[in-house]
Amino acid sequence: MLLLYNLFIWLTRVGIGIASLWNGKARQWTKGRIGGVKEITTSIRAGEKIIWMHCASAGEFEQGKPVIEELKKNYDDHKILVTFFSPSGYSIGKNYKQADYVFYLPIDTPKNAKRFIQNVQPTLVIFVKYDFWYHHLKAVIDRKIPLLLISSIFRNNQVFFKWYGGFNRKMLKLFSWLFVQDEASKDLLLSINIKNCSVSGDTRFDRVASIAAVAEPILQIEKFKQGAQVMVAGSTWPDDEQILSSLLHFNKEFKLIIAPHEIDVSHIEKIRSLFPGAALFSGLNETNDSQVLIIDNIGMLSRLYQYATVTYIGGGFNKSGIHNTLEAAVWSKPVIFGPNYQKFKEARELIEEGGAFSISTAVELKEVVLNLLTQKERLIESSMAAGLYVQQHRGATKKIISYIQENRLLTTP
């Protein structure tokens, strides 16, 4: 199996290299790793105490941030090093002030992994949710460095729990401790004789709560809203935007704010063609009386939800599924999304609690929105259910930090 894994790594590297000839993200992935090991070698200073956290991409990085920030508070003599597999994660992480070092993870070969660990010499290693790389994990364990997995969630259809998943189970068994999101995940790990695990919950709840607590107002949005009922649609894709266009004429006093997942010029123009007369945030002025506002920047979405009456989360008509529902729910706002949400635990539970609704057609969308906007009691109940759900699931970060402290995995200043 190790031979097959090494072949897979080689094919992945070659495949992405070929794809980089025409694909921008693949080009970023390839370019970002040129000279990466050398950059790491020259950046790390001898004698530094380093905590290494690995995140696959931007979503996992959001889960890692609460832990990073608590580690910085409790162990301020340590440096934080964050690695990413994907360009989208790296592009966000490189500007994160709480991280002292940010790199692409070197391609997972025995040589790269050994050099990386020798150069970094981390005192603690944390992988977020998933993205397991055998040689890097093995290099950590060979040097007897504590290795944690946080905010992980498992499903019985994953390879770890199949008869042919021995190699994948071997990677899980390398971890010193695994923090999982729910009891079902813990039971699955116990079924394959992994007992060094506990239920901590998902650190994303802590993350969205901390963001909401310090969120600043957006004066332009307050002026645009002008007391109207508003839907904020976040991280939308073309299929989402098409179905949202059905809401244009059902209530002239209703306003719609769209924050698309991609903000390139061609996508923005396509959205404007669906919503004639829509304003762009970059061109918003005090006298604007548009019914629709398109957000043509990145980084504002988590604050936008505070101005919503109801929210819509994009991605539910894509294979990859919906985006972050918790960013909206933390503001005590009802959440609506498309049909592809089943693999997202928080989305399923929000529906069960009455704080979220799944739709498959424009007719269903209009029905849900109309019911929420015209039935005040139902709107209040759904809003409270969404906010309460987030508050009740906070605390994962505290459990992880407590484990590190109680087991003295890091030395205090």
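The model on screen is a predicted one.

**Aromatic pairs**

Colour the aromatic side chains next. The structure holds 21 aromatic pairs. A pair of aromatic rings is described by the distance of the centres and the angle of the planes.

Select tyrosine 5 and phenylalanine 167. Their ring centres are 5.2 Å apart and their planes stand at 45°, so this pair is tilted. The two residues belong to distant parts of the chain: tyrosine 5 is in helix H1 (residues 2-19), phenylalanine 167 is in helix H8 (residues 166-172), and 162 residues separate them. Both tyrosine 5 and phenylalanine 167 are buried.

**An aromatic cluster and a residue beside it**

Select Trp52, Phe116, Phe127, Phe132, Phe154, Phe160, Phe161 and Phe175 together; they form one aromatic cluster. Alanine 184 sits in helix H9 (residues 183-191). Its relative accessibility is 44%, so alanine 184 counts as partly exposed.

**A lysine over a ring**

Move to phenylalanine 224 and show lysine 255 with it. Lysine 255 lies over the face of phenylalanine 224, at 4.6 Å from the ring centre.

**A nonpolar patch**

Switch to a surface view and select Met1, Leu4, Leu7, Trp10, Leu11, Val14, Ile18, Leu21 and Trp22. These residues make a nonpolar surface patch of about 990 Å². One of them, methionine 1, lies in the segment before H1. Methionine 1 has 56% relative accessibility and so counts as exposed.

**A covered helix**

Hide the surface and select helix H10 (residues 204-213). How many of its ten residues are buried? Eight are, and the helix is mostly covered. The buried residues of H10 are Arg204, Phe205, Asp206, Arg207, Val208, Ala209, Ile211 and Ala212. To see what they pack against, show helix H4 (58-74), helix H14 (301-304), helix H15 (326-329), helix H16 (345-353), helix H18 (376-392) and helix H19 (396-406).

**Two backbone stops**

The last two stops concern the backbone angle phi. Most residues other than glycine have a negative phi.

Select aspartate 131, in the loop between strand E4 (124-128) and helix H7 (134-142). Its phi is near 70°, a positive value in a residue other than glycine. Aspartate 131 has a relative accessible area of 10%, so this residue is buried.

Finish at serine 151, in strand E5 (residues 147-152). Serine 151 is not a glycine, yet its phi is positive, at about 55°. With a relative accessible area of 0%, serine 151 is buried.

Methods: Residues numbered from 1 in each chain as written. Predicted model: local features only at pLDDT ≥ 70, side-chain atom pairs only at ≥ 80, totals over all residues. Heavy atoms only, no water. Phe/Tyr/Trp six-rings, centres within 6.5 Å; stacked < 30°, edge-to-face > 60°. Helix = DSSP H or I, 4+ residues; strand = E, 2+ residues; numbered from the N terminus. Buried < 20%, exposed > 50% of the residue type's maximum accessible area, 1.4 Å probe, protein only. Lys NZ or Arg CZ within 6 Å of the ring centre and 35° of its normal. Patch = residues over 30% accessible without salt bridge, like charges linked within 9 Å, V, L, I, M, F, W, Y side chains within 5 Å. Areas by Shrake-Rupley, 256 points an atom, 1.4 Å probe, with all protein chains shown as cover. Salt bridge = Lys/Arg side-chain N within 4 Å of Asp/Glu carboxyl O. Contact = heavy atoms within 4.5 Å.
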